[in-house]
Structure formats: structure tokens, C-alpha cells
Amino acid sequence: MKKLLRTAAAISAAAMALSFSVPVVTENPDTQLKANAAVDDCNDDWLHAEGSRLYDMNGNEVWLTGANWFGFNCSENCPHYLWSADADDCLDEIADRGINVIRFPISTELILSWMNGTPNKVSSFSANADPAYKINADFCEADGKTPVDSMQVFDIMMRKCKERGIKAFIDIHSPHTDNSGHNYNLWYGKETADGTMVTTELWIESLVWIAEKYKNDDTLIGYDLKNEPHGKGQEGVLAAKWDGSTDENNWAYAATKCAEAILDVNPNALIFIEGVEQSMSGAMEGDYWGMPDRRDNSPYIGAWWGGNFRGAREYPIVPKQGTSQIVYSPHDYGPSVYAQTWFDKDFTEQTLLDDYWYETWAWINAEDVAPQLIGEWGGHMEGDNLKWMLLLRDYMIKNHINHTFWCLNTNSGDTGGLWDSLGFTQSSGTTIDWNEEKYEMFEKSLWQTLSSGKYIGLDHQVALGKNGISLNDYYTNYAKTEGSNIDGGTKNPQPKPPVSTVTTKPITTTTTTTSKPITTTTTTTTPTEPNVEADYGDANCDGSVNLSDAILVMQAIGNPDAYGVNGTDKSRITKQGEINGDVNDPGSGLTNSDSLSIQKYLLKLISKLPE
């Protein structure tokens with residue numbers, strides 16, 4: 001059940017000339033206002049899971065509805081079209097059209113080059129480009145001639161996303177840099193251009209490195225550990241499997257180890273876990289992974305690459321830190337990608353559930369096991385493929401399933417993109433021709449208010465483009481009155497109000513509620529020895545339980561170098577404070593759940609601590 005290629009179409013060297021130049025003065029007032037806007041640096045937009053849903057720090061449900069933009073996984077080492085389109089123009093349109101998160105495919109090889117201090121170059125840059133062709137001026141060094149490297153491009157893209165209220169996560173599309181790298185089965189076992197063999201250990205190390213780098217920037221909200229681990233059972237050790245072993249090709253074991261390593265450095269990050277291609281069917285006693293297939297009564301059950309979660313029933317992903325950051329992320333496609341057997345009939349939502357969806361992946365959401373994000377879905381707007389897209393779209397809306405559409409890019413061979421073409425002229429900037437028919441179909445699955453049609457972002461302060469609102473704005477002004485299209489149309493009769501906007505200034509913490517800013521100054525004294533008994537909730541040991549305690553717990557978790565017991569900030573947590581703050585399952589150590597429990601106590605959602 002092989003998925004067809006999604007190889008980037010061949011592009012001529014001339015068309016791939018990524019131009020860099022001295023910034024051009026603009027008279028566009030919107031652009032100038034955006035440049036002057038204060039960027040949200042509160043680091044308070046991290047998400048966590050409870051059951052099958054994702055929530056913000058205030059305990060309000062969120063819905064990730066976005067799209068893929070590939071290129072960092074390819075030989076160009078940057079998002080495609082930066083050679084013919086301005087990144088600001090592209091991101092403006094992405095935000096304005098309601099896409100609240102972007103999945104950026106990337107290679108382990110590229111991250112390793114960053115980690116090793118030798119970032120790979122943006123290969124689509126051409127020194128012979130027309131000097132009057134001024135695109136992406138801020139991807140150029142101060143000399144106006146030298147392009148920045150691929151790591152700087154990524155950092156700039158994250159900043160640009162932040163300015164527009166767009167969140168992002170990366171997806172390790174392949175171990176090596178390759179426009180067709182998604183065809184490779186595993187997360188290890190490929191050499192980079194310099195001859196380095198990508199091992200499981202290097203794969204984990206590279207993800208831990210970037211998680212550490214971005215642990216205090218909630219623009220990059222998570223990590224999709226590996227795109228579409230796959231391979232057929234008869235391939236044995238060359239195929240990804242899902243079982244209870246410690247074999248290197250056991251995806252469940254590798255993903256758990258990688259998740260634990262990332263959460264050690266950033267406990268707030270979401271970890272997206274994809275499925276495999278085949279699982280054991282249990283057809284006959286004695287069947288084993290690696291045995292030859294049978295024509296009848298096959299030992300294997302197939303699925304789309306990355307789509308099979310049958311093994312997770314017996315072997316779920318349970319990191320040592322718990323499951324609050326785990327999101328299962330299947331991929332699902334229609335018959336234009338491959339004519340799977342479940343498309344042979346006049347299929348409906350029910351037949352898809354019966355024949356494939358439910359036992360393969362939908363059970364995880366339906367049985368409230370964990371949140372799901374369909375990391376890739378999409379295709380051509382024709383016949384049975386359009387019918388399938390509409391059925392999956394509506395199923396995701398009705399069942400609060402997060403998703404990222406494949407894809408924005410025009411050059412996806414077997415699916416096409418939301419964009420049909422992009423071009424740039426100096427006088428008018430970037431022109432993006434959207435596939436309006438496809439966008440209209442997709443747009444209904446974007447998180448938006450029910451009657452006013454405001455797109456809802458995932459940033460508490462920054463509105464999502466010119467047609468959207470921030471998360472705080474939604475829950476303060478829209479959730480109770482008109483609600484949103486999540487769950488097929490839901491009002492929130494008792495939404496939890498915005499609790500705080502956390503800054504990281506020493507000693508002084510600024511908190512924004514629904515009324516007016518409150519500034520508190522907290523002084524902590526580190527005791528020589530912690531008290532035997534806990535004063536539950538009083539994390540800053542000032543004799544009372546208030547919002548400052550919830551904030552300090554989050555700071556201690558999110559930035560332990562500054563706010564941990566041995567941190568450098570004067571308002572860091574103490575040993576006694578750690579004991580006092582451990583109010584959710586006392587003895588388990590500080591987690592995001594402790595901060596949430598303190599907030600619930602303050603909002604009178606629970607009557608006492610510990611919870």
C-alpha cells in the first residue's frame with residue numbers, strides 16, 4: 001500500500017535564484033505598523049493535553065488548524081518560493097486567511113549542521129541574480145550582498161510567524177536532505193552530504209538541541225518526530241514497526257525515548273507521534289515481524305504511511321514525564337494518491353470508519369485517549385478524491401481533530417497545493433494565486449467564530465492576521481456569545497478568563513487580567529532546609545496563594561536556568577517552594593499541571609489544594 005511520491009517538481013536554476021538586497025523603503029502603512037508592533041514575548045502560549053483535547057495555560061480548549069510549507073527538508077534548505085516571493089507577503093496572506101499553525105518539514109541533516117556550528121547554505125541563492133530583483137531583503141547580511149545561512153532563515157521565519165500570531169512546529173521529514181526523502185522508511189540509517197551517518201542517537205540529539213534553543217519561544221510549539229515511518233513487514237529490520245521490543249526499528253520505543261529527551265529540556269513542547277505503515281494482523285499463531293507475506297490471510301494489516309496506530313492500543317507512548325504533551329498524528333489521503341481497497345465501494349463516512357479509519361487511528365480520539373492532529377491530508381479537487389476530502393474535513397470538524405493540510409506549495413506532485421503560483425514585482429510585491437476552490441473547501445475546517453467568521457489564533461495577545469483575533473480576545477469576547485465551529489459548532493457557556501501575561505523581568509511580574517494590569521513585587525528567601533510540611537500552592541513562600549505562585553511554577557519549569565532552585569534570577573523558586581508548588585499528584589515533581597491546579601483553585605474551580 002505504497003503512497004505515491006510527493007517530489008518537488010524540477011525547477012530551473014534561474015527560477016530558483018533567491019535574491020537578497022538592501023531593504024527597500026515602503027510607503028505601505030500596514031507594513032510600517034507591523035514593523036513597529038510589539039511582539040508577544042510572554043512565553044505563555046504553550047499547550048497541553050487532557051484526554052483527546054488540547055488546552056492553553058488557562059484551561060481553555062484550542063484547535064490547531066493549519067497547513068504544511070515544505071522546503072527546509074529539501075536541497076534548497078529554506079521554504080520553497082523564497083526565490084520568487086517575499087516571506088512577509090506570504091505569511092501575511094497565510095495569517096489573513098486563517099491558518100493558525102504551520103508544519104515545516106525539515107531534515108535531521110539540516111539541524112545537525114546548525115548544531116555543529118556550520119549551517120548549510122541556502123542553495124537556491126544565485127550570485128548572478130538581477131540586482132534590481134529585490135526579494136526578502138531581511139534575509140541578507142548588512143553588506144547587502146551576502147545571504148544569511150539556513151539557520152538564520154529559520155530564525156527569521158519564526159520571528160515573522162510570531163509577529164502575525166502564527167504558531168509553528170517542525171516535522172523531521174527524513175534523516176538526510178533530499179527532495180524525495182519522505183520515501184525513506186526510518187529515522188536513522190542515512191548519510192548526510194559530509195558522510196555523517198544519522199543514527200538514532202544523533203536524531204535524538206539534534207531534536208534536543210533545537211528544543212533547547214527554542215525552549216523560551218512559544219512560536220515553535222512542538223516537534224513531529226518523524227514523517228511517515230513506514231515499510232512492509234516482510235522487510236524486517238528495514239521497516240518501522242510498533243511493538244513492545246527495544247529493537248532499533250521499533251518506532252514506539254524510539255519515539256518514547258526521543259519524547260523523553262525533548263521534554264527534559266522543554267516540558268512545555270508538544271510531541272507529535274506519527275504511526276507506521278503495517279502492523280501484525282494476528283491471523284495465525286506463530287506469525288512474526290519479517291516473515292514473508294501470504295496471498296491469503298496475510299500476517300500484516302496495511303495503512304497509509306504514518307497512518308497505522310493499531311499497535312498503540314497495547315503499546316501507547318507514555319514518556320516518564322507523563323502524556324500531557326503527546327499528540328498522535330496520523331496521515332490520511334484519498335484515492336488520487338493511491339487506490340486503497342476502502343475506496344472500492346461507494347464509500348461514506350461510516351464505511352471509511354468501519355473499513356479503515358476507526359481501528360487504524362480514529363479510536364484514539366473517539367475513546368478520549370489522546371489528542372490527534374492529522375499532519376497531512378489533501379489532494380486534487382476531483383471525483384472520489386474530493387468526496388473523500390469533504391468526508392474527512394467534516395469528520396475532523398465534528399470531532400475536534402487538529403490538522404495541517406498538505407500543502408501550501410504548488411509543487412506537490414500527487415496533491416497540488418493551496419497555492420497555484422507565486423510571483424514578485426518590485427512595484428507591487430508578491431502576487432499569490434490561490435487555488436480558490438480548494439481553499440474554500442479547506443477554509444471551513446479553520447478555527448473561526450460561528451457568526452462573525454473571525455479566525456481564531458493560538459497566541460494569547462497577537463491577533464491572527466487582519467481577519468482574525470487572539471486567543472484571549474476569543475475567550476473574553478466571543479466564546480460565550482457566538483462560540484466557534486469546533487465540535488461542529490460550540491458555545492462555551494463558562495469559558496475560563498485569561499489568567500495572565502507572563503513577562504520574564506527580574507523580580508517584577510506583570511499580570512494582565514480582564515480588568516487592568518496588576519504589578520506585584522515578590523521577594524523570596526532561600527531556606528537552608530525546606531520545611532517538612534508543604535504549604536500547598538505557596539510556591540514563592542510569601543505566606544499566601546495567589547497568581548504569582550502559578551507564574552513562578554511555570555517559570556521554574558520553562559526556564560530552570562533562571563528560575564529553578566539554582567537559577568540566576570533573584571525571584572527563583574526555592575526548595576521549599578518546589579515542595580509547596582507540587583500540588584497535582586504531590587511527590588511527582590513540578591509540572592504544568594501544578595500551575596493549572598493553582599489557577600483552578602484561584603478561580604474557585606476546585607475547593608482546596610493539593611488537587
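# A guided reading of the predicted fold

The protein comprises 14 helices and 21 strands. The model is a predicted one. Of its 611 residues, 57% count as buried. Among contacts between residues at least 6 apart in sequence, 71% join residues at least 24 apart.

In soluble globular proteins, nonpolar side chains tend to be buried together. The largest nonpolar core here has 110 residues, and the members that touch the most other members are Trp69, Tyr223, Leu225 and Trp357. Helix α6 (residues 251-265) supplies the largest share of this core, 10 residues.

Within helix α6 lies Cys258. Cys258 has a relative accessible area of 0% and is therefore buried. Beyond residues up to four places away in sequence, Cys258 touches Trp203, Ile204, Leu207 and Leu225; Leu225 is also one of the residues that touch the most other members of the largest core. From Cys258 to Thr200 the C-alpha to C-alpha distance is 9.0 Å, although 58 residues separate them in sequence.

Eight of the eight residues of α3 (residues 108-115) are buried, so the helix is largely enclosed by the rest of the structure. After α3 comes Gly117, with a positive phi near 80°.

The structure holds 34 aromatic pairs. In one of them, Trp342 and Tyr356 are stacked, with 3.9 Å from centre to centre and 10° between the planes. This pair connects distant parts of the chain, 14 residues apart: Trp342 belongs to the loop between β13 (326-328) and α7 (349-366), whereas Tyr356 belongs to helix α7. Trp342 is buried because its relative accessible area is 5%, and Tyr356 is buried because its value is 2%.

A second pair has another geometry. The ring centres of Trp377 and Phe405 are 4.8 Å apart and their planes stand at 85°, so this pair is edge-to-face. Trp377 is in the loop between β14 (373-374) and α8 (383-398) and Phe405 is in strand β15 (residues 402-405), so the pair ties together parts 28 residues apart in sequence. Trp377 and Phe405 are both buried.

Charged side chains also meet aromatic rings. The charged end of Lys387 sits over the ring of Phe347, 4.4 Å from the centre of that ring. Lys160 likewise lies over the face of Phe139, in this case at 5.8 Å from the ring centre.

The cysteines raise the matter of covalent links. A disulfide is a covalent bond between the sulfur atoms of two cysteines. Zero disulfides are found in a search of the whole structure. Cys74 illustrates the result: the closest cysteine sulfur to its own is that of Cys78, and the separation of 9.3 Å is too far for a bond, because a disulfide requires the two sulfur atoms to be within 2.5 Å. Cys74 counts as buried because its relative accessibility is 1%. Cys140 has a relative accessibility of 12% and so counts as buried, since the cut-off for buried residues is under 20%.

The last stop is Ser484, a polar residue in the interior. Ser484 is placed in the loop between α10 (471-477) and β20 (508-511). Its relative accessibility is 0%, so Ser484 counts as buried. The side chain of Ser484 makes a polar contact of 2.9 Å with the side chain of Trp447. Trp447 is also among the residues that Ser484 touches when those up to four places away in sequence are not counted; the others are Gln448, Thr449, Leu450, Ile456, Tyr474, Gly489 and Thr490.

Key: Residues numbered from 1 in each chain as written. Predicted model: local features only at pLDDT ≥ 70, side-chain atom pairs only at ≥ 80, totals over all residues. Heavy atoms only, no water. Helix = DSSP H or I, 4+ residues; strand = E, 2+ residues; numbered from the N terminus. Buried < 20%, exposed > 50% of the residue type's maximum accessible area, 1.4 Å probe, protein only. Polar contact = N/O pair within 3.5 Å; in protein donor to acceptor, adjacent residues only side chain to side chain. Contact = heavy atoms within 4.5 Å. Phe/Tyr/Trp six-rings, centres within 6.5 Å; stacked < 30°, edge-to-face > 60°. Lys NZ or Arg CZ within 6 Å of the ring centre and 35° of its normal. Core = buried A, V, L, I, M, F, W, Y, C linked by side-chain atoms within 4.5 Å.
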